[in-house]
Every structure is written in C-alpha cells, then in structure tokens.
Amino acid sequence: MELVFATNNRHKLEELQELLGSEIKLLSLGDIGCYEDIPETQPTLEGNARQKSFFVYEKYGYNCFADDTGLEIEALDGEPGVYSARYAGDARDSDANMKKVLEKLVKINSREARFRTVISLILNGEETQFEGIVEGAILTEKKGNSGFGYDPVFQPKGYTQSFAEMSLEQKNKISHRGRAVEKLVNFLKSGVKN
C-alpha cells in the first residue's frame, strides 16, 4: 500500500518510515510534487492534522495521513500545545522554543508535561484519527544531541534520559508519535478500509 505522509520535516519522515517498516510504502510531499505550504490554521492538534490530510487528498488525489504534535506543559495551562513549532516565533527555531519554555518554568517546581500526537488518515475520502500520548517532565536544562524539537528538555516518565539521549529505536518504542503510528499501522493491517 502507498500512502503519502503530509510533511516536509525529514526527521518525522525518517522516524515514521522506521516505524512503518516494509508493510507500507511511504511517499513524501516531494514524491508527489507538493512543494507548497500546507495550511495549519486550526486551534487544535486534531484540526490541524485534519486540515493537512484533506488538503493533500483533495488537491493531489492520494490517500494520505498527516500529524500534528504538541508539547503540553501542565504548569503553563497546556502551552505551547498547538503552537509548539512556533512558540518563540515563526522561524520554528527549536533552540529558541526550548529557551522560552525553560525561562517560563525557571521558578516553577511542577514540571509535568506530555507530548501528544494526533494523526489524521484519509482513505478514499474517509477520515480516521489516532492519538498517541507520552507523559513526562521538562528538565531544567538541555540533555543529549539526538532527536529534534523539544527532545533535549523532555524526560519521559519512568526513564532517566531525555528523548535526545535515546537512540531512535528506543524513542520510537515509547514516543507519542510511535504510539499514534502503531494505532495507524494496526488499523491499516486490520484491513478495515483496504
């Protein structure tokens, strides 16, 4: 089965291809000639994922899935949430985003947080959504050099390492995206729609 993953983020693409294995051939936006900015104007992760997947399906005619992920910090009333990628501005600067989070939490002891991914899958015009969540906490400083985004400041519950200190394989086993993709893969393998 061929599926388009609606992203320009090569890190996400690599992570997901690793998770999908050979069961499903993953096509990137570049593979289908989509080089435009896909709108992400919804106020929720669910809405953004839906907006992106329907955009590709309706404009390019491919079965598609899109995801949106947010870091939700309890003490910041769920911030940065849907604005995670642009938390410190439109430049999508991970270091600036992490710096802003750490500065906001500098005098706060409660550092509980969670990563949440929502995947919107469009098969033949019908949408199904999948959610993956990993609970954890925000560290007081960056640790590790792997991963991307907020990985250096996020420590999943039950672990002593940040996501950025884990191998891709370790992270995929427990990550929010990994959990959402596992539900997606199980759904596709069950043959419900294909």
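Arg92 counts as partly exposed, because its relative accessibility is 41%, where buried means under 20% relative accessible area, exposed over 50% and partly exposed in between, with a 1.4 Å probe and protein chains only. The residue is found in the loop between strand 4 and helix 3, and its phi is near 55°, a positive value in a residue other than glycine. This is a predicted model, in which local features need pLDDT of at least 70 and side-chain atom pairs count only at pLDDT 80 or more, whereas totals for chains, interfaces and linings use all residues. Residues are numbered from 1 along each chain as its sequence is written, and side-chain values use heavy atoms, with hydrogens and water left out.

**Backbone geometry**

- Most residues other than glycine have a negative phi, and most peptide bonds are trans.
- Asp77, in the loop between strand 3 and strand 4, also has a positive phi, near 55°, and it counts as exposed because its relative accessibility is 76%.
- The peptide bond from Glu79 to Pro80 is cis, with omega near -5°, and Pro80 is found in strand 4, which covers residues 80–81.

**Overall fold**

- The protein chain contains five helices and seven strands, where helices (H or I, at least four residues) and strands (E, at least two) are DSSP runs numbered from the N terminus.
- Read along the sequence, these elements follow the pattern β-α-β-α-β-β-α-β-β-β-α-α.
- Along its principal axes, the C-alpha trace spans about 50 × 30 × 25 Å.
- Buried residues make up 45% of the 194 residues in the protein chain.
- Among contacts (heavy atoms within 4.5 Å) between residues at least 6 apart in sequence, 55% join residues at least 24 apart.
- The accessible surface comes to about 9,800 Å², of which 44% belongs to carbon and sulfur atoms; accessible areas come from the Shrake-Rupley method with a 1.4 Å probe, and for residues only the protein chains shown count as cover.

**Largest pocket**

- The largest pocket has a volume of about 850 Å³, and of the 33 residues that line it, the closest to its centre are Asn9, Lys12, Glu40, Ala85 and Arg92.
- A pocket is, on a 1 Å grid over the protein atoms alone, an open set of points where a 1.4 Å probe fits, with protein on both sides within 12 Å along at least five of seven lines, and lining residues have an atom within 4 Å of a point.
- Grid points are joined across faces, edges and corners, and a volume is the space filled by probe spheres set on the points.
- Helix 1 (10–20), helix 2 (45–60), strand 3 (64–73), helix 3 (94–104) and helix 5 (176–189) each supply at least two lining residues, and the largest share, four residues, comes from strand 3.
- By class, the lining has ten nonpolar, twelve polar and eleven charged residues, where Ala, Val, Leu, Ile, Met, Phe, Trp, Tyr, Cys and Pro count as nonpolar, Asp, Glu, Lys and Arg as charged, and the others, Gly among them, as polar.

**Individual helix residues**

- Glu15 lies in helix 1 and is buried, with a relative accessible area of 2%.
- Not counting residues up to four places away in sequence, Glu15 touches Phe148, Leu168, Lys171, Asn172 and Arg177.
- Ala96, found in helix 3, is partly exposed, with a relative accessible area of 27%.
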